[in-house]
Amino acid sequence: MSYTFQFGVLAQYQGEILSGIWLTIKLSILSIVLGSAAGVMLASLRSIKGGAVRYLVDAYVEVIRNTPFLVQLFIVYFGLPGLGIRVGADTAALIGMTINLAAYSTEIIRAGIEAVHKSQIEAGEALGFSRFQIYRHVILVPAVAKVYPALCSQFVLMMLASSICSAISTHELAASAAFVESQTYRSFEVYIVVTLIYLALALALRAALAFMGMWLFGRRVARRTMTAQPEVPA
């Protein structure tokens, strides 16, 4: 059986597809910012505080990492109204993505914090740094720099996982594709184009994160290298 591809029929739905792309980008960026910030905070609390705080953070991470993202979205979108809290589909998608990404970010950053050698902390103390300065400059920033590639991979995975949000009527790229497919009945064409769009978004996000990493951590390494050079005698 022969099949004739007709990509031209998708041109009249380019507005629908562009709208889905924009929402996917917006949800991804916001969830990355909020999820990584929450991950830093939770990983810091876990490393500084002991007892109940550490167990609560560990419990949160384990629950989120060992349950499906779709179920988490359903709890936010369908469960919260039962408690009298009503949120729109886009807001529920953002909350779900942030909660999910925060858990993974917490675990990744925790691994980076634990990888900081104790001798570096002792060196900071010997230099007279305060506890806050030691945690910020000696522990947290180097820890994030070490695990930054792993964080970037998780950010890209979260962007791709945003397609699951179509299950709660979030009109992102996957939902836009489903709508166009229902109107044109050209499944191959629609999902080939959407696959290429997701590929382009993933590569663009990875490149942007790599550039950001060079700007944030490369500059710090260069400055540290310059200050470590011995003075040339006059």
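A crossing is left-handed if the near helix is turned anticlockwise from the far one by less than a right angle, and right-handed if clockwise. This model is predicted, so local features need pLDDT of at least 70 and side-chain atom pairs 80 or more, while totals for chains, interfaces and linings use all residues. Residues count from 1 along each chain as its sequence is written, and side-chain values use heavy atoms, without hydrogens or water.

Q: Which way does α5 cross α6, left-handed or right-handed?
A: Helices here are DSSP runs (H or I, at least four residues), numbered from the N terminus. α5 covers residues 118-126, and Q120, I121, G124 and E125 from α5 meet I134, V138, I139 and K146 in α6 (heavy atoms within 4.5 Å). The crossing of α5 past α6 is right-handed.

Q: How are α5 and α6 arranged, roughly parallel or roughly antiparallel?
A: Their axes, lines fitted to C-alpha atoms over the stretch in contact, sit 9 Å apart. The angle between N-to-C directions, on a scale from 0 to 180 degrees, is about 150 degrees. Because angles over 145 degrees count that way, α5 and α6 are roughly antiparallel.

Q: Is S28 buried or exposed?
A: S28 sits in helix α1. Skipping residues up to four places away in sequence, S28 touches M97, M159 and S162. Its relative accessible area is 4%, and since the cut-off is under 20% (1.4 Å probe, protein chains only), S28 is buried.

Q: Which residues does F69 contact, leaving aside neighbours within four places in sequence?
A: F69 is in helix α3, which spans 69-79. The residues in contact with F69 are G96, M97, N100, M158, A161, I164 and C165.

Definitions and conventions: Helix = DSSP H or I, 4+ residues; strand = E, 2+ residues; numbered from the N terminus. Buried < 20%, exposed > 50% of the residue type's maximum accessible area, 1.4 Å probe, protein only. Parallel < 35°, antiparallel > 145°, perpendicular 65-115°, else oblique.
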